[in-house]
Protein chains: 2
Amino acid sequence: MDTQKPYVIGVDLGGTNTVFGIVDARGDIVAQDSIKTQAYQTADAFVEAGVECLKPLIAQVGGLDKIAGMGIGAPNANYYSGAIEFAPNLSWAHNGVVPLAQMFSDKLSTVNCQLSTPLKVRITNDANAAAMGEMAYGAARGMKNFIVITLGTGVGSGIVVNGQLLYGHDGFAGELGHVTMVRGKEGRLCGCGRTGCLEAYCSATGVARTAREILANTDRPSLLRDKPAEEIESLDVSIAAGKGDEVANEIFQFTGKMLGEACADFAAFSSPEAFIFFGGLCKAGDLIMKPIEDSYDKAVMPIFRGKAKFLVSSLMNANAAVLGASALGWE
Amino acid sequence: MDTQKPYVIGVDLGGTNTVFGIVDARGDIVAQDSIKTQAYQTADAFVEAGVECLKPLIAQVGGLDKIAGMGIGAPNANYYSGAIEFAPNLSWAHNGVVPLAQMFSDKLSTVNCQLSTPLKVRITNDANAAAMGEMAYGAARGMKNFIVITLGTGVGSGIVVNGQLLYGHDGFAGELGHVTMVRGKEGRLCGCGRTGCLEAYCSATGVARTAREILANTDRPSLLRDKPAEEIESLDVSIAAGKGDEVANEIFQFTGKMLGEACADFAAFSSPEAFIFFGGLCKAGDLIMKPIEDSYDKAVMPIFRGKAKFLVSSLMNANAAVLGASALGWE
């Protein structure tokens, strides 16, 4: 690390808020502020507002020449091109390619004329940023081969191989939520338009759907029946499972079995030291992690059995996404 | 490349023969000889015989100081440890760990006392060696992200990411023949002891089994009925398909569909520039490659569609394994 530049900027660009943080080498966020992502008509206006938001934070740590780099985690972001590409949920980027990394770098260079070279700005998608965060500050410190699986509205992944994020030929590698787990006509429809994807079963929405299916197809008693079926969320399943609800536990068994079988295939691919799970579903702890591990042990090739660790992210707080993105700034 | 050391040694260690070749930077084998792999009681005796076999080849190119390194492709070989580990088909290695790379390096250092540093010897499994060979001399020249899939007695793979072979945490990554394609009880028993693996369907033995199943379960006419069912090999299927036999073509459709669906999952993992197929089955050309590509295009995520190339190895001759192993010598 350049001791003259002890900070990086991390940006968590979400559908609602964009959070800017100044982060030190220990992973402490020393200054932070945010803007509304969609309050701007154009990408230019968004970047301008972002830099205005950053200015006082940067001043607080002694100016832009104390900053080693900047990392942005954003939906549909491509590390290679530095752009957000056709992001359906971003008003100023749903219809084209926005070279956000370059735009921030250019705009920031107007902040501080003393800067001899423009600030390096890198961008990647949310799950890859999570993987960088785990490697820099979290559960994957010291690891060179691991896979982060994010269990949120969707199922995302960040794959690290030889200490590097796996971007593939086009920058879009690591879409493990979209490996096919159920082939043929029985596969559930996935948000990507295909059927049978891991995400269709093991995302928060997938878990809620499993719950609704079991409740509709049986008359078994369950705490989950206290709510109208269409309002059930994965959090309700976690809460019910925690209270010993049999149906809720069966939902976690089903979800964990599929995740474990998927991880067994991933082991055959990259034989990671650890699988690190991130997202709301993990808050259920052993209720979900134990079924994953049991299923993995049964499904995996004997040569890999008992080798991989199954961990829950150690960055599961509100700032995880900022930290993850900031890790790109050290590159 | 060190112009003082214009050659590498490539070793194809197979169940029957071990072939030693001296290879130049263009991928020409300038000298070659072989020994019987299993004619020795111990690994020490095997290494001693190997070095005796190599001596005149090395002398032919001007001595060991013209050699940049040595690469060995062998079953159950681990790149990290430099050892062959519990290889069921090698009499002198089926029962333990043989540090073959170090043993060859040590033994070779007695050949030429002028050598200032011991020769670097690296070892890897056959499919990884094939991938190295494609990158150094074959269809993957200039590529940094690709997957070689070997369709032989088994299904093997060598995965290259960022220009590096993917070895994973333990050295055993890249076992794509053992991802699960058919889950549950209907899955075919695989040689690895599990069920439903890609290898159980798409290896040469898998293809022959598909043929026998179709012939047994239907009374459709086929050229394949000219032979006793238990003697049918994948080559017979290729020949019959080439003659327009409907059943044989259906077997290739079935095999190609599964390979294409598997590759669609692999794309979600590492988004390679190309899938390169190697082995006897590829000699059927478009009869197998077209079904693979068609199935891939249907199954893959839209974001990856139309991006990856589907290629047949350009090293499909008797020396491919020696060339592949030799590529390790340049590292």
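Angles between axes under 35 degrees count as roughly parallel, over 145 as roughly antiparallel, 65 to 115 as roughly perpendicular and the rest as oblique. The structure described here is a predicted model, in which local features need pLDDT of at least 70, side-chain atom pairs count only at pLDDT 80 or more, and totals for chains, interfaces and linings use all residues. Residues are numbered from 1 along each chain as its sequence is written, and chains are lettered from A and ligands numbered from 1 in the order in which they are written.

**Helix packing in chain A**

Helix α5 (residues 204–217) of chain A packs against helix α7 (residues 246–270) of chain A at about 130°, the axes lying 10 Å apart. The two helices, α5(A) and α7(A), are therefore oblique to each other. Helices (H or I, at least four residues) and strands (E, at least two) are DSSP runs, numbered from the N terminus. Axes are lines fitted to C-alpha atoms, for helices over the stretch in contact, with angles from 0 to 180 degrees between N-to-C directions.

On the α5(A) side the contact is made by A:Val207, A:Thr210, A:Ala211 and A:Ile214, and on the α7(A) side by A:Val247, A:Glu250, A:Ile251, A:Phe254 and A:Thr255. Residues are in contact if their C-beta atoms, placed from the backbone, lie within 7 Å.

**Strand β9 of chain B**

All 6 of the 6 residues of strand β9 (residues 146–151) of chain B are buried, so β9(B) is largely enclosed by the rest of the structure.

| Partner of β9(B) | Bridges | Direction |
|---|---|---|
| β10(B), residues 155–161 | 6 bridges | antiparallel |
| β12(B), residues 274–278 | 5 bridges | parallel |

With 3 residues between them, β9(B) and β10(B) form a hairpin. Opposite B:Ile149 stands B:Ser157 of β10(B), while B:Val148 has B:Ile276 of β12(B) as its bridge partner.

**Helix α6 of chain B**

In helix α6 (residues 234–242) of chain B, the buried residues are B:Ser234, B:Val237, B:Ser238, B:Ala240 and B:Ala241. Their cover includes α5 (204–217), α7 (246–270) and α8 (286–299) of chain B. Just after α6(B), B:Gly244 adopts a positive phi of about 85°.

Note on methods:
Two residues are in contact if their C-beta atoms, placed from the backbone, lie within 7 Å. A residue is buried if 20 or more other C-beta atoms lie within 10 Å of its own, exposed if 12 or fewer, and partly exposed in between; C-beta atoms are placed from the backbone. Two strands pair if DSSP finds at least two bridges between them.
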